[in-house]
Amino acid sequence: MRLEVLYSGDHNLSCFYMAEVVKVVAPTFKDRLDWDIVYVFKKDGARRFYDLSVSLYGDENVRKNHCVAPVPSIFIDGRLVFDRIPMTEELEQAINGLIKKKDGCEP
């Protein structure tokens, strides 16, 4: 499972605190979860930011209407899971639920 935090920089406290929540929770799932920070203003991060925005709104809406993925946000396996800073318990529950679903333990 891959978790990505859309991040504009340490100057943005919302981004900073969202990443901190992930840093606290991620070790609990060390064998099941890879995570990364997507720096939306750096070249590689900007491309991923664009791809995730397209997955949410479609190519035309991103290019013509400037609809973009929220920053900060958390995506898991390319799907938006949080567009606000979650509590650690919320993030743990979301990850556990996705793991169970992936393993076929939930409908």
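Tutor: Pro72 sits in the loop between α3 and β3, where helices (H or I, at least four residues) and strands (E, at least two) are DSSP runs numbered from the N terminus. Keep in mind that this is a predicted model, where local features need pLDDT of at least 70, side-chain atom pairs count only at pLDDT 80 or more, and totals for chains, interfaces and linings use all residues. Residues are numbered from 1 along each chain as its sequence is written, and side-chain values use heavy atoms, with hydrogens and water left out.

Student: What kind of peptide bond joins Val71 and Pro72?

Tutor: Look at omega, which is about 0° for this bond. Most peptide bonds are trans. The one joining Val71 and Pro72 is cis.

Student: Where is His66, the non-glycine residue with a positive phi of about 60°?

Tutor: Most residues other than glycine have a negative phi. As for its place, His66 is in the loop between α3 and β3.

Student: And what is the phi of Asp77?

Tutor: Asp77 lies in the loop between β3 and β4. With 42% relative accessibility, Asp77 counts as partly exposed. Its phi is positive although Asp77 is not a glycine, with a value near 50°.

Student: Which residues line the largest pocket?

Tutor: A pocket here is found on a 1 Å grid over the protein atoms alone: it is an open set of points where a 1.4 Å probe fits, with protein on both sides within 12 Å along at least five of seven lines, and lining residues have an atom within 4 Å of a point. The volume, the space filled by probe spheres set on points joined across faces, edges and corners, is about 170 Å³ for the largest pocket. Its lining is made of Met1, Ile76, Asp77, Arg79, Val81, Leu98, Lys101 and Lys102.

Student: Which element gives the most to that lining?

Tutor: Two elements give two or more residues, β4 (79-82) and α4 (88-102). With 3 residues, the top contributor is α4.

Student: Why do the buried residues of α4 lie on the same side?

Tutor: The buried residues of α4 are Leu91, Ile95 and Ile99. The arc is that of the directions from the helix axis to the C-beta atoms. They share a side of α4 because that arc is only 70°.

Student: How far apart are the end C-alpha atoms of α4?

Tutor: The expected span of a helix is 1.5 Å times one less than its number of residues. For the 15 residues of α4 that gives 21 Å. The model agrees, with the end C-alpha atoms apart by 21 Å.

Student: Is Asn96 buried, exposed or partly exposed?

Tutor: Asn96 is in helix α4. Its relative accessible area is 34%, so Asn96 is partly exposed.

Student: Last one: which element has the highest mean pLDDT?

Tutor: pLDDT is the predictor's confidence in each residue, from 0 to 100. The protein averages 94, and 97% of the residues score at least 70. Among the elements, α4 has the lowest mean, 93, while the highest, 98, belongs to strand β3.

Technical notes:
Buried means under 20% relative accessible area, exposed over 50%, partly exposed in between (1.4 Å probe, protein chains only).
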